[in-house]
Amino acid sequence: MMMSAKLRAPEEPENVQEMRFGEQLRVAGQSFWASRVRGRVILLSLSLVAVILLLTYGQLLLNRWNQPFYNALENRDLVAFWQELQNFFLIAAFLLVINVAQTWFSQTTALYMREGLARDMVDQWLKGRRAYRLSVSSPLGINPDQRLHEDARKLAETTTSLTIGLLQSTILLISFISVLWQMSSDFSLTIFGHRIAIPGYMVWGALLYAGTAALASNLVGATLTRINADRYAREAEMRAALMRTNEHLEPIALARGEAVELRAIHATIDQVLSVIRKLAMGLTNLTWVSASFGWLALIVPVLIASPAYFSGTMTFGGLMMAASAFTQVYTALRWYIDNFSAIADWKATLLRVMTLRSALTSPQLTQAGSGQIAITTGKPGELAFEDVYIRTPTEAEAQWGGYHISEKAPVIRAGERVMVNGDPGVNRRQFFNAMAGLWPYGEGTIVLPEEDHLLFVPQTPYLPEGRLIDILAYPEEADSYGEAEAIAALKAVKLSRLGPDLMKRQRWDRILDKEEQMSLAFAHILLRKPRWAIFNDVLEGLEPETVKLLTDVMQDLDGTTLIYLGRSAAFAEAFSPRVLHLERMDVPVPE
């Protein structure tokens, strides 16, 4: 076989820290457009815009109400005072209805945003065997549950809330800047006997005050995005360690390994706490800035408007109206300041979720290319291997590690019994996964039989949570087979005692031992009646009685082509199979 430079290590998806913000937004846009609920999200968003416009109109009415109300107080005009109180309650009732409507629309939008993002991410993860390929080619695929669940939830909710806040602040800013400009358009300041006109001076005051606060917040909170990203990564590692321990409680207890596991878990807890301490210090420093400017905002509007009031060009009601308008402008401008921590958190979450989605949709996982094994369909009843080379995941410093089939272009025909073994150190599972289309790393072509049903049986069977009948039929629907068929299959593998439990929903992977789980997998084979059955060393480590039972079941599969990867003496004795050999090939890396 000819080795070429295309036999390089699998390319990893783009590093989390290297994915640019613009690229993150592009991937997020693709995710949104692929969402099945984008139409509802767009409709709800338009409704939210209308509600926010109505809310802004109500706040403008409330701001205008300040002047006649406080003038009535200043003039001790009781009639005008009671009239303005009536106006206030009408405006407040209107704002209350709008606030309730805004809450409903925003919560519903967040709900559909989460639905769309969660479904899209899971769809991309479990599409075309990408999840498995990512798990063996990149650290991103090892513990993706944090990104798929918690990070996706947080991203959907914070995106909705931050977008609504930004839109509302922008509309308020545009609306109240015009009010503030009109109120201070003819202001002039006397300095050393000279009158200096400063049109819209209150607008400039608000801009200067908010700009100073924004600059200070940026300087103090610049590291929060990176710290949040580190925190989520450490949290995911901690949860994965807890899940891994929980799934292996029995062997840990048998080995008296609780102390070792405890040290490992405490180490992950220490990493999480270390990052949280940094985050706490960063938030504390940011609070010095945000709280300082927040408290000063109580008096700054009156201080800025007071020159016009004391000069006699502004009434007390006008002062309060100007102060209220200033507060609205400043509140809109300081939205970024108040939400700096939330924005940093959002950016960190966006980075983690979109990096995973980008990796799942990368050409390395979705497209066959150079340096990959091609899977094609050929003649019915024939499985062929054309110059197939399997590349191993770990490589020596100056060599490629891998292996190929020593027989030249072998073809397996329907009805044959074949055993595949290999040189010491050859990992046959990679060859098994290559035939299933899971391991693309290598070169050559595997030609599968046309329109023939191939069933791949791994060494460790998968028992999903659910009813026993669901497990027997998996991945088909339970009603694909009748209850009598299922009971007959269980009887054939000596699991008749489970017949009455077909409809019970339990953790069968914990209830059944290894022998019974493999017997259940063979009961599934009897139900499926595949044309081709490919086994990955399934008889290894089983009791002699179980091996004899399962070998007898294989002999009953008359119309099934059997391909066994492994060195099972029982399979060899029962079938006298044709043997294919996997031969190691360590090839020097070209300079």
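**Figure 1. Buried residues of helix 20 in the predicted model.** Seven positions are named here: Thr546, Val547, Leu549, Leu550, Thr551, Val553 and Met554 are the buried residues of helix 20. Their cover includes helix 17, helix 19 and helix 21, together with strand 13 and strand 14. How far apart are the end C-alpha atoms of helix 20? They are 16 Å apart, which agrees with the span that 12 residues should have at 1.5 Å a residue.

**Figure 2. The largest nonpolar core.** This core has 43 residues. Those that touch the most other members are Leu490, Leu520, Phe522, Phe535, Val538, Leu539 and Met554. Two or more residues each come from strand 10 (454-457), helix 16 (468-473), helix 17 (483-492), helix 19 (514-528), strand 13 (532-536), helix 20 (544-555), strand 14 (561-565) and helix 21 (569-575). Which element gives the largest share? Helix 19 does, with eight residues. In soluble globular proteins, nonpolar side chains tend to be buried together.

**Figure 3. Surroundings of Leu490.** Neighbours within four places in sequence are left aside in this view. Leu490 is then in contact with Leu468, Leu472, Leu495, Ser496, Leu498, Gly499, Leu502, Leu520 and Ala523.

**Figure 4. Helix 6 against helix 9.** The axes of helix 6 (residues 201-220) and helix 9 (residues 258-296) come within 8 Å. They cross at roughly 170 degrees, which makes helix 6 roughly antiparallel to helix 9. From helix 6, the residues in this contact are Tyr209, Thr212, Ala213, Ala216, Ser217 and Val220; helix 9 meets them with Asn285, Leu286, Val289, Phe293 and Leu296. How many residues of each class take part in the contact of helix 6 with helix 9? Eight are nonpolar, three are polar and none is charged.

**Figure 5. Helix 11 and its buried residues.** Helix 11 covers residues 316-333, 18 residues in total. From the first C-alpha to the last, helix 11 reaches 25 Å, close to the 26 Å expected at 1.5 Å a residue. The buried residues of helix 11 are Gly317, Gly318, Leu319, Met321, Ala322, Ala323, Ala325, Phe326, Gln328, Val329, Tyr330 and Ala332.

**Figure 6. The whole chain, for reference.** The chain contains 21 helices and 16 strands. Of its 591 residues, 46% count as buried. Among contacts between residues at least 6 apart in sequence, 81% join residues at least 24 apart.

Methods:
Residues are numbered from 1 along each chain as its sequence is written. This is a predicted model: local features need pLDDT of at least 70, side-chain atom pairs count only at pLDDT 80 or more; totals for chains, interfaces and linings use all residues. Side-chain values use heavy atoms; hydrogens and water are left out. Helices (H or I, at least four residues) and strands (E, at least two) are DSSP runs, numbered from the N terminus. The expected span of a helix is 1.5 Å times one less than its number of residues. Buried means under 20% relative accessible area, exposed over 50%, partly exposed in between (1.4 Å probe, protein chains only). Axes are lines fitted to C-alpha atoms, for helices over the stretch in contact, and angles run from 0 to 180 degrees between N-to-C directions. Angles under 35 degrees count as roughly parallel, over 145 as roughly antiparallel, 65 to 115 as roughly perpendicular and the rest as oblique. Contact means heavy atoms within 4.5 Å. Ala, Val, Leu, Ile, Met, Phe, Trp, Tyr, Cys and Pro count as nonpolar, Asp, Glu, Lys and Arg as charged, and the others, Gly among them, as polar. A nonpolar core is a set of buried Ala, Val, Leu, Ile, Met, Phe, Trp, Tyr and Cys residues joined through side-chain atoms within 4.5 Å.
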